[in-house]
Amino acid sequence: MSFFTVKDRLDHLMYHVFNLTSAVIFSFRFKIKKLIKRNRQFKDKHAGQRCFILGTGPSINDLSNKQLEKLKDEVFFGVNSFYKSSIANELTPTYYALFDNAYWEEMQY
């Protein structure tokens, strides 16, 4: 058996062990499960529609006025510091998502 086959099998095993362990741990986190259940209201809410995710990288400033106008009629997520971007005054996201750990660390006292 080659080194790469062994590595591939170990990676596969570790992936499954990690997922199983995460699922078991999650099953005992009742407060989090209750919170996440509230997300069911969003299931299929926008079925059949397109969705865009706008981050906060410098390329956001490269969007043309025509593209911005088209986005006004689309479902889109504003991510992290979207509200600070130059286009935030022109577009209101359907949803906001916060993924940057720096925000969470700042909020902890």
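How exposed is Lys-7, by relative accessibility? I looked it up, and Lys-7 comes out at 41%, so it counts as partly exposed (buried is under 20% relative accessible area, exposed over 50%, partly exposed in between, with a 1.4 Å probe and protein chains only).

**Ground rules**

I note that this is a predicted model, where local features need pLDDT of at least 70, side-chain atom pairs count only at pLDDT 80 or more, and totals for chains, interfaces and linings use all residues. Residues are numbered from 1 along each chain as its sequence is written, and side-chain values use heavy atoms, with hydrogens and water left out.

**Salt bridges**

I began with charged pairs. Side chains of opposite charge can pair when their charged atoms come close. My criterion was a side-chain nitrogen of Lys or Arg within 4 Å of a carboxyl oxygen of Asp or Glu. I got three salt bridges by this rule.

Back to Lys-7: I found its salt bridge with Asp-11, with the closest N and O atoms 2.6 Å apart. Why do Lys-7 and Asp-11 lie about one helical turn apart? Because they are four residues apart in helix 1 (residues 3-27). I read helices (H or I, at least four residues) and strands (E, at least two) as DSSP runs, numbered from the N terminus. Asp-11 has 36% relative accessibility, so I logged it as partly exposed too.

Next I checked Glu-74 and Arg-50, whose side chains form a salt bridge at 2.4 Å, N to O. I was pleased to see that this pair links distant parts of the chain, 24 residues apart. Glu-74 is in the loop between helix 3 (65-71) and strand 2, while Arg-50 is in the loop between helix 2 (30-37) and strand 1. Arg-50 reaches 52% relative accessibility, so I put it down as exposed.

My last pair was Glu-69 with Lys-72, where the closest N and O atoms are 2.9 Å apart. I have Glu-69 at 46% and Lys-72 at 43% relative accessibility; Glu-69 counts as partly exposed, and so does Lys-72.

I see an open sheet of three strands in the order 1-2-3, with parallel pairing (two strands pair if DSSP finds at least two bridges between them). Strand 1 (51-54) and strand 3 (95-97) are the edge strands, each pairing on one side only. I noted an average twist of 25° from one strand to the next; axes are lines fitted to C-alpha atoms, for helices over the stretch in contact, and angles run from 0 to 180 degrees between N-to-C directions.

How many bridges join strand 2 and strand 3? I read three, in the parallel sense, with strand 2 covering residues 75-79. I also found Gly-78 opposite Tyr-96 in strand 3.
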